[in-house]
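These are my notebook entries on a structure that I looked up. I recorded each term together with its cut-offs.

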Amino acid sequence: MPTMTYSRNDFFKLLGTSLSEEQLSLLLCRVKAELETFGDNIVVKFNDTNLPWIWSVEGLVCVLKGLLGLEKGLPLVSVKSGSKNIIAEKISGRPFIAGFCAAGVVSENLLIQLVQLQEKFCDAYGRKRSKIAVGIYSAEKISFPVRYSFFDGSTKFVALNGTLMGLSEILEKHPKGKEYAHIVHGWKKFPLLVDNQNNVLSFPPIINSEHSGRVVPGISSLFFEATGTDEQGVMLACAIFAFALFQRGFELESVVTIYPDKQIVAPDFTPRSVQLDMGLVESVLGLGLSEPSVKGLLEKLRYDSSKMVVPAMRHDIMHSVDVVEDVAIAYGYENITPEKLALYTKGATSNEQYFGDDVRLFLAGCGFQEVFSPYLTSKKLLFDMMNCAASPLVEIDQFYSESYSVVRNSILPVLLEFLAGNKHVDYPQRVFEEGLVCVRSPEIVDYRNVAFVSAHSTASLTEMRQVLDFLFKSIGMTYSVEELANDSCIPGRCGSVFVKNHRIGFFGELHPKVLENFKLDVPVSVAELNISLLHELSNSR
Amino acid sequence: MDVALSLHPLERKVLPFVVVSKTVEEICKTASLQHAEVVRAVQWLASKKLVSLKEKTDFVLALSDKGSRIKELPEKTISRLVASKAVSLAEISHIEGGDAALGILRQRGLIVIKDSMVSSVGKTENFFPEEQFLKKLPFSPSSDEDKSIALSLKRRGLVREDSKTIVTVLISDEGRKVLKKGFGELVDSLTVQMIKDGSWKGKNFRAYDIKSIVPRLFGGKFQPYKRFLDRVRQQFIALGFKEMSGPLVESDFWDMDALFMPQFHSARDIHEAYYVRNAAPAKVESAVMKRVKEAHEKGIMGSRGWQYKFDPEMSCRHLLRTQGTACSARMLASPHLEVPGKYFAIARCFRYDVIDTTHLPDFNQVEGFVVDKALGLKHLFGLLQDFAKNFANAEDIRIVPGYFPFTEPSAELFAKHPSMGWIELGGAGLFRPEVIGSLAQKDVRAIAWGLGVDRLGMFNLGMSDIRDLFSRDLSYLRNARVI
């Protein structure tokens, strides 16, 4: 979710009125944004990742003016038809490009805002430039038309904050090159934007050139372009930036992209048609609003309600239900009276849940303290520490930390790790945990397991058998045991638990080697049962 | 209550000796009891006002570590050395405590120091009062002379002062009365034999001090946060909700695609969700996959969709469930869906996150939906109002517009916390027509909702660090409030 910082003076100057912190905070809620800071700067966090238009201070102010009743209806934007062109080759992998020119004064604040918008838009909406990336240039240094075509990796130019380097070299050495190299990974040729004098504008989506791609305050003519994998997104980027510049008094001049098979003109401010479904408005909102009052409300959100069109930047409206939400927002959620649900339904949970809860009750009754743990853990804990061979697990492909890199397939190691962290606490220590484990055999299955351990100077197998006897009596089932060879336990002091010929768990006395691994100084007896299986078998008790 | 009846056997033993002896030490000797036993007994007696205790702190001098190290008084060593010839200061500086000794010898006119050489003035002195003093240790100096020597030796670090508390026990009038009356026969423990043969009859039982501190017991009990989740579950069931479940390892399809989240959505970045290594593609029923694909690509139910090419292969990737709503998606598409119906799930979810006081890669979500023929925004607000009251005991709430890819309209619920201001409790919305159309395929509306249950749990249990929900501290768990 993007967070934007605006100058407070600039913000209120654009808005044309001043608001208190409380007023602004409530107003921002209506555009799904939160006021994070209210000082010399205003910091706003946007929750709607699908409406980047209002991330620009100019777009945000346009909508807020509507909600405040200062302006209404479609905001007007005029674009001078230009004769400059982008000649686009067929660039597979990043086929779309559009751009425009703008003439006006680039102040320091405006430049800060443009760069911020560029970063947040490319990050949050452009999926870190992989879907859309935008470039801003000093138009005075460009000789049109510009060409968007493929070049060899050996092609050299001076990248922003760099020296003369080949494209492949930029990907390896330049900080931005390294950061975004994955987007063009495996490509045989790379896209460049080059002007009529063969000066490189940029290497989209990686880096601008030092020649025309360095934009400084004081220049008066900008060229803007967006490249990407999605034509609508590229056009949206142009519209958002052009709208922002227009609000700042810039004169916009369109640029035509000439593809081998078609031409498109940007920026395109043709309003988008949407559907007003009055039946849906009433059935969703139940406010008894008339069509004129609904249309009046939509005007506040900058609709032209006579033609039922919205600004070109509103790509978020996909269905008439989106229009309904706009009606509700303009009406004000705070003005809608909640209604109690009068719906009779019978509540329930699964029998397995009840079964598991009963097992927890019996174990607490035996004096075991319940523990609740994260499900993510490490192979080291599950196998190495337990002195046992590795088995297939659900492993995370790109993990943040080795300690949280697999889903546990057993609870017991987690409990032992718990004991190891509590050596200073009074013994005897008896703890248990009931919860999910994930087994891969090879299909991935979740089971509800329970594990319990007893640690004290005379902990023994007998204790585990006693608990098992009590547990099975309490759930009205019988079990049998078979000797089990398990590397975590002392040979001859470990057994499998069988119910109706199904192995549902094991118990034993931990091998001193395992105790050593966990640096535990007392004997520990352990058991773990698969409650999902046990529950299934209990159905035929 | 006769105070004599409440006397512990130790108290009964000690009380008669108090009349003849005064200090705890004396009582130990005369009564042949351990020091700890007498201390306990006189404290109990004092609390019953049968005796009074007077404490006096005495100071006793003893050799310090430095004092024990030196074999003789340094001034004696120096006088011996310089008796026959002059000795350099450097040589004397090797003697421990030599510097201070030089000062004393010079003060007494026994040596002279010239050109860094120490020589005797001819008088030999063998008597040093300090030496006699050290021999008497440990003791408590009383004469003025001893006191002044003590001060000087203390300054030189050769002796140290130990404090010792002497407890004097004085019997009270009440104590004398008890003694005079005699204790009579008291039964200390009731035995099985006494019950069987009735020998307890006509006897007095010693009364216990019911206020005394007893050894601690750690019973088995539930983990506090797990118990909180149990209660949340009970409340939902009481409100008529059915619990749903779903796999921890989900497909992209149920976790995101079915919820109308476009495949280019940033939630699918490898640094947002945990994808499973080397997993075979998930199996998704082709009919529902086809409907979801269509909803994404060109829209259904009057939607224009996301307008991109949907990739079924991407949809079959396995990942750890990122949101509990995956359970709702499965339920909506299930032939067992009941209309009207109310559903909830307490779901473990996973997200790529840096671990800190508010983030864990492993967290819990409570989410669900209410489905019926005609549901609207007012019902959604009513439901949120109910939740705030039920789960956060909050009356003062704020419902504001929200954004979720799978709901429209969407709302967020905030409640006023007495000390922390406005707190986000959860989010909700009406499932988008694209979701209902591709999954439920019925003419219904559904209110989807989710609560930040970990945060609710933290408030309920008075925690400020989310990691405490999964506390690794046995002491905490043993002593924790569970209800």
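I began with accessibility: a residue is buried under 20% relative accessible area, exposed over 50% and partly exposed in between, using a 1.4 Å probe and protein chains only. I noted that this is a predicted model, in which local features need pLDDT of at least 70, side-chain atom pairs count only at pLDDT 80 or more, and totals for chains, interfaces and linings use all residues. Residues are numbered from 1 along each chain as its sequence is written, chains are lettered from A and ligands numbered from 1 in the order in which they are written, and side-chain values use heavy atoms, without hydrogens and water.

**Entry on cysteines.** I looked for disulfides, defined as pairs of cysteine sulfur atoms within 2.5 Å, and the count over all chains was 0. C388(A) is partly exposed, since its relative accessible area is 28%. C366(A) also counts as partly exposed, at 26% relative accessibility.

**Entry on domains.** For chain B I found domain 1 (63–158) and domain 2 (225–479), with bounds from an automatic or database domain assignment. Their C-alpha centres lie 85 Å apart.
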